[in-house]
Amino acid sequence: MGIGDVLDEGLEGLDHNFLTGNIEDLVKWARARSCWPATFGLACCAIEMMATGSGHYDMARFGMEVFRASPRQADLMIVAGRVSQKMAPVLRQVYDQMMEPKWVISMGVCASSGGMFNNYAIVQGVDQVVPVDVYAPGCPPGPETLLHAIITLHEKIENGELTKRRAATGAGAGLLIEQRDGQAAPLQIGR
């Protein structure tokens, strides 16, 4: 194979035994496919999060089958359920101990906006404590909705949008996804 073949045919003229690409794209691709979730289930949404990790929904296809017990081994926090005022500092401490870059999914209406618990004891949105990247709506959202949130997060990590936004503003992306498990209750974000 000569240089003329490459000039005439482009990359198709090359032998198929090497890769070309941007190292930045490779890093984003690897980050998107190596999210390790921290265990942070707080209420009924945690049951649905555990169901997502079961064999039926197979989170292993995303490399996420093992929920990490140590925040130092995790880079994805799935806040599943309502966050009390007493739990908020603990949640923030776990988030601060996670490795960089780190991501947050707010699972369920209680974590996202306080849900039906509009009182002094419940944080009215986990985004007051940690920056949220993806909101998964529902009460509780089913495994299909959580998987949709994870896939959305992976897409945003891979295109680099989240790391740019986090560096510029310090906030999460705040993406609201559609519910995928047949429930019809919309998520209200904002106070």
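These legends describe close-up views of a predicted model.

**View 1. The largest nonpolar core.** This core has 26 residues. Leu76, Ile105 and Leu153 have the most contacts inside it. Five elements are listed as giving two or more residues to this core: the helices α3 (45-52) and α6 (143-158), and the strands β2 (76-80), β3 (103-107) and β4 (134-136). Helix α6 gives the most, with six residues.

**View 2. Ile105 and its contacts.** Ile105 is one of the residues with the most contacts inside the largest nonpolar core. Set aside its neighbours within four places in sequence.

**View 3. Another core.** A core of 17 residues lies apart from the largest one. Among its residues are Met77, Val79, Tyr95 and Ala111.

**View 4. Helix α2 packed with helix α6.** Two packed helices are described by the angle between their axes and the distance between the axes. Helix α2 covers residues 23-32. Here, α2 and α6 pack at an angle of about 165°. Their axes are 8 Å apart. Angles over 145 degrees count as roughly antiparallel, so α2 and α6 are roughly antiparallel to each other. Their crossing is right-handed.

**View 5. Residues where α2 and α6 touch.** From α2, the contact is made by Lys28, Trp29, Arg31 and Ala32. From α6 come His154, Ile157 and Glu158. What kinds of residues form the contact of α2 with α6? Three are nonpolar, one is polar and three are charged.

Conventions: Residues numbered from 1 in each chain as written. Predicted model: local features only at pLDDT ≥ 70, side-chain atom pairs only at ≥ 80, totals over all residues. Heavy atoms only, no water. Core = buried A, V, L, I, M, F, W, Y, C linked by side-chain atoms within 4.5 Å. Buried < 20%, exposed > 50% of the residue type's maximum accessible area, 1.4 Å probe, protein only. Helix = DSSP H or I, 4+ residues; strand = E, 2+ residues; numbered from the N terminus. Contact = heavy atoms within 4.5 Å. Axes fitted to C-alpha atoms, helices over the stretch in contact; angles between N-to-C directions. Parallel < 35°, antiparallel > 145°, perpendicular 65-115°, else oblique. Left-handed = near helix turned anticlockwise from the far one by under 90°. Nonpolar A, V, L, I, M, F, W, Y, C, P; charged D, E, K, R; others polar.
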